[in-house]
Amino acid sequence: MAYSEKVIDHYHNPKNVGTLDKSRKNVGTGLVGAPECGDVMRLQIEVDETTGTITDAKFKTFGCGSAIASSSLATEWLKGKSVDQALTIDNMDIVEELNLPPVKIHCSVLAEDAIKSAINDYRVKNGMEAIQFEESLVH
Amino acid sequence: MIPFFTNNFGNAASRNHPFGWAAEEAVDYAREQVAKLIGAEPKEIIFTSGATEGDNLGIKGVFEMYASKGNHIITCNIEHKAVLDACKHVEKMGGEVTYLDVQENGMIDLKELEAAIKPSTILIAIMYANNEIGVIQPMKEISALARKNGVLLFSDAVQAVGKIPVDVNKDGIDLMAFTAHKMYGPKGVGALYVRRKNPRVKVTAQIDGGGHERGMRSGTLNVPGIVGFGKACELAIAEMEQDAAHTSRLRDKLEQALVLVEEAYVNGDINNRLPHVSNISFKYVEGEGLMMGFNKNIAVSSGSACTSASLEPSYVLKALGLGDDLAHSSLRFGLSRFTTEEQIDYTIKAVTETVLKLRDMSPLWEMYKEGVDMESIEWAHH
């Protein structure tokens, strides 16, 4: 199946590739997936501690074009959102935006998991409880 | 081929008018061309729809025909799916199949093969050369073991025929499936070689009907396809040697340049290999993602899970002992007589640049560079 134009664009011009200092208290890091499964995403957020706003987001992804595009898109959506708003990003929003075919839905699930994992890392670092998420069923 | 799609529209099985005779004559000529390429007699060629059908007919056909002699088949775990699935069918029908492991270089272990032969063994089914890594199996030695034990030898030779010299008598092969489109011919036509002498081999038909192809494969013959197949075989005889020299030189150039990329590894034995195939893993980048960087202009394939609906990486590469991560990171390059030096130079540049670009966005590459022990990370397997 051919890739959608949006996937191709994110693949060739990925937004926000990079690394934030994970030792900093206001940086949350999520690392999801596994090398043996063919995709690993690392997504990081930088939070303004006074306002709770995500001021920066970076990713690095080992995976197919759809995985790269999903994480690139996720970082774009995260910037400027509050941490609470970020929790509402649903993998199906990513599927819709990127026109992912059924076989690539797991890429969007991985991106959602990475967002949640980064938020929990930030919460735990700042004395909040980790949120218990339901196991994603798509995996 | 074109005349047989248009003006010469006869059915090769129509014996009562000149239109049928013309078609039959064309098929007979093609049968000679095909037979000649593999050192066989024309009567030993059964035309099929392709090698998947040839694999099925060869394996299931022997299993049924020789049921009174035994029910055991030996094959190996890097065979094409058409062979593996035909063997699974045999198991369902009450047969027994031994799947030999291959060694790290992709070659079967002859001692293991010999040890697997037992009184109930009727067939050894080993591919001539592998489709993903190009590794060529020691057919003559395998044949010697088969002969010594009175076992038939079947070979899926799709990748080898037309690319390297294959001779069913010198190689001692009793049944062999191959196809036109892997040797510049049309799609949808292939052949099963079935030995007629020393020993005389028979297979039970898997498609019943009008008794075409000496009763082993019914169905009206694909005359245009067969004519094209014959021509492709004739051209292969004429050009194989220079094609092999051409593709192996360019393949080696490509490979030598690409392994200069850090953490890049060639998969499969490089000494016993088809001249036109190269399989390389680029660690810490994923194969499908890699292909996307240049798939507009370069058609390659990957052992990555993402390229298939199954989400399982290449079973061939895993059989060589590669971890799933390296299997996901592999690309297979196939060259042809039409590949040019410029195309190879372009490919070297495009692949290298894409690998470097993707590594810049690979968390695994970053960890590798920072000396992080990736084995110690608890990955969330999904």
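Domain bounds here come from an automatic or database domain assignment. The model itself is predicted.

On that basis, chain B splits into domain 1 (2-236) and domain 2 (240-372). The C-alpha centres of domain 1 of chain B and domain 2 of chain B are 30 Å apart. The two domains touch: 21 residues of domain 1 of chain B and 20 residues of domain 2 of chain B take part in the contact. What does the domain 1 side of chain B consist of, where it touches domain 2 of chain B? It holds ten nonpolar, seven polar and four charged residues.

Now chain A. An open sheet of three strands runs in the order β1-β2-β3, with antiparallel pairing. Strands of a sheet pair through backbone hydrogen bonds, either parallel or antiparallel. In chain A, β1 and β3 are the edge strands, each with a single partner strand, so one side of each has no neighbour in the sheet. From one strand to the next, the twist averages 15 degrees. Eight bridges join β1(A) and β2(A) in the antiparallel sense. One pair can be named: A:A34 has A:D39, in β2(A), as its bridge partner.

Helices pack on this sheet. α2(A) touches β2 and β3 of chain A, and its direction makes about 170 degrees with that of β3(A). Helix α5 (residues 105-125) of chain A touches β1 and β2 of chain A. The direction of α5 makes about 145 degrees with that of β1(A).

α2(A) has a helix partner as well. Helix α1 (residues 5-12) of chain A packs with α2(A) at an angle of about 80 degrees, and their axes are 8 Å apart. An angle of 65 to 115 degrees counts as roughly perpendicular, so α1(A) is roughly perpendicular to α2(A). On the α1(A) side, the contact is made by A:K6, A:V7, A:H10 and A:Y11. On the α2(A) side, A:G65, A:S66, A:I68, A:A69, A:S72 and A:L73 make the contact. By class, the residues of this helix contact are five nonpolar, four polar and one charged.

Last, the contact between the chains. Chain A gives 25 residues and chain B gives 26 residues. Which elements of chain A give two or more residues to the side that touches chain B? They are β1 (27-34), β2 (39-48), β3 (53-62) and α2 (65-78). The largest share, four residues, comes from β1(A). The side of chain A that touches chain B divides into 14 nonpolar, seven polar and four charged residues.

Notes: Residues numbered from 1 in each chain as written. Chains lettered and ligands numbered in written order. Predicted model: local features only at pLDDT ≥ 70, side-chain atom pairs only at ≥ 80, totals over all residues. Contact = placed C-beta atoms within 7 Å. Nonpolar A, V, L, I, M, F, W, Y, C, P; charged D, E, K, R; others polar. Pairing = 2+ DSSP bridges. Axes fitted to C-alpha atoms, helices over the stretch in contact; angles between N-to-C directions. Parallel < 35°, antiparallel > 145°, perpendicular 65-115°, else oblique.
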